[in-house]
Structures are given as C-alpha cells and as structure tokens.
Amino acid sequence: MAEFRVRSAKPIACSVTVPGDKSISHRSVMIASLADGVSRIDGFLASEDCLATMKAFRAMGVRIDVPDEASLHGPDQPGVVSITVHGSGGGLHAPAGPIDCGNSGTTMRLMSGLLAAQPFHTELFGDASLSRRPMKRVIAPLSLMGARISGQGEDGLPPLVIEGGALTPIHYRLPVASAQVKSAVLLAGLFCEGRTVVTEPVPTRDHTERMFEVFGIAVRREGDDILLEGGQRPVARDFTVPGDISSAAFWLVAAAAQPGSELQVMNVGLNPTRTGILKVLARMGAHVQEIVETTGRGEPAGRLIVRGGRLRATTIGGAEIPNVIDELPILAVAAALAEGTTVIRDARELRVKETDRIAAVAGNLRAMGVTVRERDDGMEIDGPARLHAPERPLPTFGDHRIAMAGAIAGLFAEGETVVAGVECVDTSYPGFGRELARFQAGDTVAGAGGSGRSGSGVQLRPDRPACGLVVAIDGPAASGKSTVARALARELGFVHVNSGAIYRAVTRAVVDAGIDPEQAPAVEAHLHRLRIECGHRDGEATIEVNGAVADHLDAAEVNAAVSPVARIPAVRAALYPLQRGYAALANIVMEGRDIGSAIFPETPYKYYIDATPEVRAQRRAAQGLADSVAQRDFQDRTREVAPLRQAEGALVIDTSDLGVGEVVSRIVEDLRARELVV
Ligand code: S3P
C-alpha cells in the first residue's frame with residue numbers, strides 16, 4: 001500500500017501548475033467523441049478517472065490518439081497529455097462488453113445520459129467505492145425521458161444496465177444540486193427531438209454547457225433554466241483544458257494557512273462556478289488575488305496568488321456548497337488551523353462522494369487532535385488546533401481528496417504524519433506526491449525577490465512586495481536589451497530573466513534526444529517528458545530540465561535548432577506559464593520579444609529598447625556575428641507566433657547614441673515616476 005510521510009513544513013514561496021481539470025477533461029472526450037471531425041485536446045488530465053472515460057469511448061469505436069500511452073501510468077506519469085479524438089459523427093458502436101468506469105462517478109452518470117439514447121445495449125460498472133454510489137439520481141430523470149435503465153436496489157446502485165433507444169425531451173427540475181445529473185439529462189437531450197429544459201434552483205458547475213457552446217451546440221440559459229434543442233451534432237474543435245482548481249485547492253490552503261508563504265498557481269481554471277474556495281479563503285483572512293488571463297467562450301483561466309496569514313473561522317453553507325463541494329475536505333483542514341469555530345452545513349452530498357467525506361474528514365482530523373462535531377449535513381470544527389501526527393496511519397478510504405487533505409494537514413502537524421493507501425490520488429492528481437515533496441521542503445528560492453535593496457542607491461519602495469513585480473524589456477536583435485536588462489536588474493535588486501534561455505533549454509533537451517527540431521509532433525511529444533523547473537541564483541534565472549541544470553545553451557547546435565523549436569505553438573503554450581512563474585519567485589526584469597505584449601501584458605513597467613538598423617548592424621559585427629539585422633527584423637516581426645511588437649504603453653528608448661548606464665538611468669527615472677522605486 002503506497003503512503004505519504006509528511007512532516008511540518010516551513011513557509012513556501014513558489015509557483016505551481018496543476019494538471020488539467022477533471023470535470024472539463026471528461027466532457028472534452030465525450031463531446032469530441034460525438035463530433036463530426038477531429039479534435040485536439042491539449043492539457044487533458046491523464047488521471048485514472050479521465051482515462052476511464054477515454055477507454056469507454058474507445059470501446060465504442062472512437063479512435064483517440066495519445067502520444068506515448070505507456071508513460072501514462074508510470075511513476076513519472078505526465079499528468080496532462082494532448083490527445084486527438086477522431087469524432088464518431090454521432091455513430092458510436094456497441095461495446096464488446098461491460099464498460100469499466102473505475103472510481104469515476106462523472107463517467108458513469110454522464111455516460112448514462114448519452115448511452116440511454118444510443119441504439120444498443122450497454123452495462124456500466126465501477127470499483128467498490130463507485131458501486132456504493134447512488135445512480136437513482138440519473139436513472140429517475142432518464143426514465144422520465146423514456147430510457148430503459150436499471151441499477152441495483154432502492155438507490156439504483158451500479159452496475160447499470162442500459163437498453164438504449166429513442167428518448168423524448170423533458171423539463172426537469174433538479175432535486176439535488178448536481179452538475180452530473182444536469183449533464184446526464186442534457187447529454188440525453190442532445191439526441192431527442194425537441195427542447196430539453198433543466199432547471200437548477202442552485203447553480204452548479206456549467207462545464208457541459210460551455211463545452212457544448214465550444215463545439216457548436218447552441219444552449220441557452222434563462223434564469224434558472226437551461227434550454228437545449230435536440231438533434232444538434234457537435235463540430236470538432238481544438239480545445240485546451242485549464243488546470244484544475246480542485247487540485248490547486250490543496251496548495252492554496254497549504255499557503256493560505258502558513259503566515260509568510262506566498263504561492264502562485266499558474267494556468268488554472270477560474271470558472272466562477274468553481275472558484276468558491278477563493279471567496280471562502282478570503283473570508284478566512286487569506287490574501288487571494290485572482291488574475292483571469294483567458295476569457296471568452298470556453299473556460300476562463302488564469303493565475304492565482306495567495307499570501308498566507310492567520311486564518312479565522314467562517315460558515316460555509318447554502319448556495320455556496322455546490323461551488324466548493326470538492327474542496328470541503330481541504331477547507332476542513334483550513335478550518336482546523338483557523339481561529340474560532342467553522343461551520344460547514346447544507347453539505348449532505350458529501351456523504352455520497354467517493355466515500356462518506358463527512359465521516360472521513362471528521363475521523364482523520366480527530367486523529368490529529370482537532371475537535372470536530374459531525375452533523376448530518378456537515379460539521380463544526382474548532383480551531384486553531386495544535387495538530388499532531390496521528391498514532392496510526394490516516395486512512396484514505398480509497399478517496400483521492402481525503403488522501404490529499406490528510407497530507408496537507410501533515411504539513412502543519414507535529415511529528416510524522418503517515419497517510420496510507422494513497423494510490424487513489426491518481427484518480428484526479430497524478431504527480432501530487434512530487435509536488436508535496438517540494439512543499440514539504442518549504443520550497444523557497446533563497447533571496448527570492450531580494451531585500452528590496454538595490455545595487456547602488458536605487459531602492460524599491462518599502463510597500464512593494466518581494467515578488468510579483470515585472471519589468472518587461474523587449475526589442476529587436478542587437479538593440480542592447482540584454483545588457484540593459486542585466487544592468488537594470490542589478491540596479492533594482494531584481495532577478496534577470498532572459499526568456500530566450502528557456503526556449504534554449506528545451507531546444508537543448510530536444511537536440512540531446514536526437515529529435516529533429518523541424519518535426520513538431522516529435523518535439524511536442526518530447527516536451528511532455530520534460531520536467532522544467534525555474535529558479536534563480538545570484539540575481540540570474542536558472543533552469544533545470546529533468547533535474548539537471550540546463551547549460552551550453554549558446555552551443556552551435558542549439559543556435560541552429562532554437563528558432564524552429566520556439567516556433568511550435570505547443571512549445572510556446574507550455575513555456576508561457578513557466579515564464580510567468582518566475583514572477584512568483586522574485587521581482588524580475590525579463591527580456592525577450594513578446595514579454596510586454598504577451599507574457600506580462602498587465603505590467604505597468606514596459607520598455608522597448610531600439611537602435612537604428614545601422615547601429616545594430618555595427619554592434620552585431622563587433623560581436624563577430626555577421627547575420628543581417630534587416631533580415632532578422634523581418635523574421636521577428638512577421639513570424640506567426642509571438643512576433644516582435646512594441647507593447648501598448650511601452651516606453652521606447654532609442655539606444656543608438658546612449659551608453660548602457662544612460663539607458664538604465666532613463667528607465668530608473670521612469671520607474672521612480674511610476675512610484676516603484678525611490
Ligand atoms: C462533477 C460534479 C460534482 C463533483 C464531481 C464532478 C462533474 O458532482 O463533486 O467531482 O464533473 O460534473 P455532483 O454533480 O454529484 O455534485
């Protein structure tokens with residue numbers, strides 16, 4: 001039986017990315033499988049739950065390509081993958097045998113709706129935990145639509161037997177606030193003639209509705225009603241799954257409850273039906289900043305910054321519950337560390353999750369010295385408790401979120417907390433253990449952000465934070481931006497980051513693996529095998545790839561390969577959050593070609609360093625490099641991905657007649673006017 005061994009940790013200052021959203025990953029495969037055409041899903045969560053959904057559709061004849069499938073279950077499993085789904089155009093085939101939904105309630109409930117409308121027989125079964133979960137909640141509405149679907153006993157427990165056939169639309173009012181039930185009815189409604197309406201008195205996560213829209217299916221919301229006209233067929237789309245806020249929740253609490261911690265979570269889904277935890281943590285006194293970077297149709301996503309503090313108790317209940325339902329186990333840990341009595345109510349649903357989460361959380365917290373009063377629909381938790389390691393290993397009851405919540409509690413407990421039976425974590429968060437080790441070590445980067453003192457007389461205003469400030473420097477080749485960026489960083493006491501080095505580090509790995517840089521699919525597949533970690537030492541950014549410092553980045557073979565590698569959209573997409581991640585480690589001066597325009601468009605400190613083509617050509621020649629500056633400019637400005645642009649609001653400095661010191665002084669002057677430095 002696998003276990004976590006956890007000891008109390010120091011404050012952290014780091015950034016994390018979490019694997020793809022589980023709810024969204026399930027839906028992406030389901031809807032892409034029904035679509036006409038080929039869809040590519042990036043950021044797909046390669047966890048046991050979502051892989052169960054993927055296998056189910058394969059069993060029904062859908063071709064789904066996954067690069068390097070063998071790596072999905074190993075100890076170095078990537079967590080996310082890009083998959084290509086060859087949509088069936090609505091023509092699913094009868095599976096050869098019963099479909100195994102594993103531990104996944106979402107797979108079983110959503111698929112029930114979809115399968116009830118197919119012209120064939122199916123059986124759905126699951127593991128011991130899923131076999132105890134009530135399916136009556138989907139059997140009831142689907143039966144009203146004319147479905148022939150049955151489970152075991154009163155509660156309609158799995159396995160389910162479904163004789164698919166024609167369905168008629170209904171207007172269904174959800175008796176329990178459940179996105180799974182809503183989605184099952186909507187998926188069935190897709191195959192009906194006429195209008196299906198689901199009324200949800202309390203809003204639940206709307207990923208199905210959003211995914212429908214992305215794939216070209218019109219769905220409307222009017223007040224509490226969701227209206228769908230049947231007979232629509234999804235059209236294939238490429239889609240990127242953002243990180244799962246329910247996975248991020250564990251680190252958010254680890255940081256929020258630890259005074260002195262500062263955490264940045266990158267590229268995480270920020271759908272308002274899922275961000276309830278942020279409001280709860282803010283009520284509890286944590287400093288939480290939400291930065292939405294991607295909006296529009298589909299799913300909003302962005303960054304979260306959390307600063308830890310002393311938490312205080314709160315009450316969680318009512319309409320807020322569906323929005324935090326999966327986060328309640330970890331919020332209970334936050335409650336144990338908060339001043340006062342936290343009340344969780346109206347959360348009876350927790351009793352029928354992967355395990356009875358009220359009983360499991362209460363039992364585990366008590367074993368660590370917390371006073372918890374269990375209620376039928378929630379619990380009351382007295383804090384702040386002095387947590388201690390439990391006498392016996394904490395059980396997980398095969399529930400991933402109970403396992404992870406126990407591990408985070410261990411970060412705050414005296415002694416060594418053992419959590420036993422943690423294999424279940426892979427159902428939603430492959431790689432959690434690796435991340436836990438970082439938090440365990442109190443991952444801080446020495447000198448993060450500096451002390452606010454600069455090299456020579458310039459001083460950061462005292463109210464400025466130790467990390468998160470970004471000075472963006474862009475400019476064409478040979479404009480002098482690297483020299484300026486390095487000198488400026490030293491002057492400010494910031495960390496200097498050359499964004500090109502990150503592309504070079506990946507290129508180095510690609511070259512070392514003998515991969516042709518022009519072969520984008522091979523490069524991309526390799527990219528998923530790389531663990532890239534950013535840090536800094538002595539004011540300069542450092543990059544480690546799979547545990548080794550990336551060096552020899554200026555070697556001829558890297559020079560030759562870096563352009564084609566950096567041109568690959570998937571490479572840019574993968575490195576974008578890493579570049580942003582530096583800001584979580586320190587205050588930075590970052591230089592490149594798209595820093596102010598694409599990587600940190602929100603920073604108020606943007607500079608565009610330029611010089612006349614003649615001066616730049618001379619500088620180039622003086623470096624012993626003979627490439628044509630005009631040609632480089634043309635390439636840089638016209639390339640499809642991340643072209644060189646003057647960011648909006650950037651101060652343009654022509655360095656043709658200026659020395660480095662003069663350029664730096666001019667920038668410092670501007671930063672003083674903007675009240676960054678004194
Ligand atoms: C989910 C909905 C929620 C949630 C589960 C995933 C979904 O369940 O707890 O983890 O993807 O629709 P309910 O719909 O049963 O509340």
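This is a predicted model: local features need pLDDT of at least 70, side-chain atom pairs count only at pLDDT 80 or more; totals for chains, interfaces and linings use all residues.
## Cis peptide bonds

One joins Pro158 and Pro159, with omega at about 0°, and Pro159 belongs to strand E9 (residues 157-163). Another joins Gly383 and Pro384, with omega at about -5°; here Pro384 is placed in the loop between strand E21 (378-383) and strand E22 (394-395).

## The ligand and its surroundings

The shell around the ligand consists of 14 residues, the closest being Ser23, Arg27, Ser178, Asp326 and Lys353. Sorted by class, this shell holds 7 charged, 4 polar and 3 nonpolar residues. Domain 1 (3-18 + 242-440) and domain 2 (22-172 + 180-186 + 235-240) each supply at least three residues to the shell.

Several polar pairs can be listed at the level of atoms. Ser178 places a polar side-chain atom 2.7 Å from an oxygen atom of the ligand, and a polar backbone atom of Ala179 is 3.0 Å from a ligand oxygen atom. For Lys353, an N or O atom of the side chain lies 2.6 Å from an oxygen atom of the ligand. The ligand taken alone would expose 380 Å², of which the protein buries 95%. Helix H1 (22-34), helix H3 (105-116) and helix H5 (179-189) are the elements that contribute two or more residues each to the shell, and the largest share, 3 residues, comes from H1.

Gln180 is found in helix H5 and, at 15% relative accessibility, counts as buried. Its side chain makes a polar contact of 2.9 Å with the side chain of Thr106.

## Salt bridges

Under the distance rule applied here, the model contains 44 salt bridges. One of them pairs Glu349 with Arg137, whose closest N and O atoms are 2.9 Å apart. Because Glu349 lies in the loop between strand E19 (340-344) and helix H11 (357-367) while Arg137 lies in helix H4 (residues 136-144), this pair ties together parts that are 212 residues apart in sequence. Glu349 and Arg137 are both buried.

Glu320 and Arg283 form another salt bridge, again described by its closest N and O atoms, which are 2.9 Å apart. Glu320 is located in the loop between strand E18 (315-316) and helix H9 (321-324) and Arg283 in helix H8 (residues 276-283), so the connected parts are 37 residues apart in sequence. Arg283 is partly exposed, with 33% relative accessibility. Arg674 and Asp670 meet through their side chains in a salt bridge with an N to O distance of 2.7 Å; Arg674 is partly exposed, its relative accessible area being 33%, whereas Asp670 is buried at 17%. A network of salt bridges links Arg133, Arg205, Asp326, Glu354, Arg357, Asp399 and Arg401, and Asp326 is also among the closest residues to the ligand.

## Two further helices

How many residues of helix H10 (residues 328-337) are buried? The helix is mostly covered, with 10 of its 10 residues buried. Those residues are Leu328, Pro329, Ile330, Leu331, Ala332, Val333, Ala334, Ala335, Ala336 and Leu337. An α-helix has 3.6 residues a turn, so residues three or four places apart point the same way.

Ala520 belongs to helix H16 (residues 520-527) and is partly exposed, with a relative accessible area of 27%. Between Ala520 and Tyr576 the separation is 56 residues in sequence and 17 Å in space, taken from C-alpha to C-alpha.

Methods. Residues are numbered from 1 along each chain as its sequence is written. Side-chain values use heavy atoms; hydrogens and water are left out. A salt bridge is a side-chain nitrogen of Lys or Arg within 4 Å of a carboxyl oxygen of Asp or Glu. Helices (H or I, at least four residues) and strands (E, at least two) are DSSP runs, numbered from the N terminus. Buried means under 20% relative accessible area, exposed over 50%, partly exposed in between (1.4 Å probe, protein chains only). A residue is near a molecule or strand if one of its heavy atoms lies within 4 Å of it. A polar contact is a pair of N or O atoms within 3.5 Å; within protein, one must be able to donate a hydrogen and the other to accept it, and residues adjacent in sequence count only if both atoms are side-chain atoms. Accessible areas come from the Shrake-Rupley method with a 1.4 Å probe; for residues, only the protein chains shown count as cover. Ala, Val, Leu, Ile, Met, Phe, Trp, Tyr, Cys and Pro count as nonpolar, Asp, Glu, Lys and Arg as charged, and the others, Gly among them, as polar. Domain bounds come from an automatic or database domain assignment.
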